[in-house]
Amino acid sequence: FYDSFTNGVGGPLQAPVSALPWTLAYQLPGPGFDIANPYGNQPPPFASKSFVKPATILTVDQLMRPPYAQNWNISIEHVLGKNYLLDVRYVGNKGTRLPRMTEADPVLSGPDVNPNNLDQHRIYAGCSSTPGPCNFASVGIVSNISNSTYHAGQISLSRHFAAGLGFQLSYWFSKSLDDVSSFNVSGSAPTDVSGENDLAQNPFNIRAEHGPSLFDARQRFSLSGSYELPRWKGASRAADLLINGWQFNGIANVSSGTPFTVYDSANVSLQGQAPEISGFYSSRPDLIADPNQGPHTPEQWVSRSAFHRLDPATQAGQFGNEGRNAVRGPGIANIDLSLFKNFTIGERKHVQFRAECFNAANHANLALPQNDIASPQFGRVLEAGAPRLFQLALKFVF
């Protein structure tokens, strides 16, 4: 399956409205670009006719080709008895030439590089010998250089709804790998999403970004079913009103944790914040121990001792060796229950009373912990999912 290129919000160039607070993106025509006459014959969009220096640019790779996905699966189904079906399945997926953002004008590190002169050390900065700003700062380029793979073993046992009972039980064991899990996942924002930054830590080694997908939950179990209580035939009108028409439903989901990346909000690697890509740095620490070992409590889900934070002063310009999405977050367990009572008013009119309970076990589904190693709250879980909730409703069907 081939995918087409899209523009507009969420597309490669995010025009006409880009990041908050609704920055207007002005697109310059190609293929050539002349810094001395950037607008060509078009009127300049700004009050000043001079081009702002240094220019922060967002562009696309001229060699881009449409991305595509390949899907395949093989399954064996077997009927058990009269109402049961067993399904054993292998599912595969491969994404090729997927789009991602990269820094096309990276900083070349050196002993004299510091946060105040990053532009002067960029590859294509175009700095003149006279004092003054360079021609170019950060250049974000959209290229389809990413790939992804997904493999899963799935088993399912279902019962066709009969004699008032129906259910489906499923178990998945899967693995998803990619270079970046979504395109422009957070946009220009003050913080990232689960450590997922569209900006690669090392622009000279994009392959180092290959790792588990942001949504990679290795094991998933689900059970859903409905049970309709048998009707009492011959019951009086009052007994029929109280006893008949009840239905019990339930959904249970259990999933292992998804991964996240520990990052450093300080610009240790001195690559700049790349505002047109994500708006924040993607520096990472060194990994010196298994980060997934530990008590896994809300107060310390991941230990700081598993990482060595690079010193922004003495190790400036270096990249940490932690891989992308190297740490696993908390899993999820949830049970939703409901009880329905159906009342027949006429031949085509029905009233349904619904009593629903979400997260019936009141289990604390923890969110991902604070993953900025520079934060004093690092490793702590600061949020959780919704607690147990009850809901009553009446539904009129005609």
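# Reading the labels in a predicted model

Buried residues make up 38% of the 398 residues in the protein chain. The model is a predicted one.

Q: How many helices and strands are in the protein chain?
A: The protein chain has one helix and 15 strands.

Q: What is the accessible surface of the protein chain, and what share belongs to carbon and sulfur atoms?
A: The accessible surface comes to about 22500 Å². Carbon and sulfur atoms account for 60% of that surface.

Q: What share of contacts between residues at least 6 apart in sequence join residues at least 24 apart?
A: The share is 70%.

Q: What makes Glu103 and Arg122 a salt bridge?
A: The distance does. The side chains meet at 3.9 Å, N to O. The cut-off is within 4 Å, from a side-chain nitrogen of Lys or Arg to a carboxyl oxygen of Asp or Glu. So the pair of Glu103 and Arg122 counts as a salt bridge.

Q: Which parts does the pair of Glu103 and Arg122 tie together?
A: Glu103 lies in strand S3, residues 84–103. Arg122 lies in the loop between S3 and S4, so the pair ties together parts that are 19 residues apart in sequence.

Q: What about Arg122, buried or exposed?
A: Arg122 has a relative accessible area of 9%. The cut-off for buried is under 20%, so Arg122 is buried.

Q: How do you know that Asp216 and Arg218 form a salt bridge?
A: Their closest N and O atoms are 2.6 Å apart. The limit is within 4 Å, so the pair of Asp216 and Arg218 qualifies.

Q: Which salt bridge joins Asp216 to Arg328, and what does the pair link?
A: The side chains of Asp216 and Arg328 meet at 2.6 Å, N to O. The pair links distant parts of the chain. Asp216 is in the loop between S6 and S7, and Arg328 is in strand S12, residues 327–328. They are 112 residues apart.

Q: Why do Arg218 and Asp216 get their accessibility labels?
A: Arg218 has 26% relative accessibility. Asp216 has 2% relative accessibility. That value is under 20%, so Asp216 is buried.

Q: How many salt bridges does the structure hold?
A: The structure holds eleven. Glu77, Asp87 and Arg89 are linked in a network of salt bridges.

Q: What makes Cys127 and Cys134 a disulfide?
A: Their sulfur atoms are 1.8 Å apart. The cut-off is within 2.5 Å, so the pair of Cys127 and Cys134 counts as a disulfide. The structure holds one disulfide.

Q: Why is the disulfide of Cys127 and Cys134 given its hand?
A: The torsion about the S-S bond is about 90°, so the disulfide is right-handed.

Q: Which residues make up the largest nonpolar core?
A: The largest nonpolar core has eight residues: Phe260, Val262, Val302, Ala306, Phe307, Val327, Ile373 and Phe378. A second, separate core of six residues includes Met64, Val142, Ala274 and Ile277.

Q: Which residues make the nonpolar surface patch?
A: Among them are Ile76, Val88, Ile155 and Leu169. The patch is about 750 Å². S5 and strand S7 (219–228) each give two or more residues to the patch. The largest share, three residues, comes from S5.

Note on methods
Residues numbered from 1 in each chain as written. Predicted model: local features only at pLDDT ≥ 70, side-chain atom pairs only at ≥ 80, totals over all residues. Heavy atoms only, no water. Patch = residues over 30% accessible without salt bridge, like charges linked within 9 Å, V, L, I, M, F, W, Y side chains within 5 Å. Areas by Shrake-Rupley, 256 points an atom, 1.4 Å probe, with all protein chains shown as cover. Helix = DSSP H or I, 4+ residues; strand = E, 2+ residues; numbered from the N terminus. Buried < 20%, exposed > 50% of the residue type's maximum accessible area, 1.4 Å probe, protein only. Contact = heavy atoms within 4.5 Å. Core = buried A, V, L, I, M, F, W, Y, C linked by side-chain atoms within 4.5 Å.
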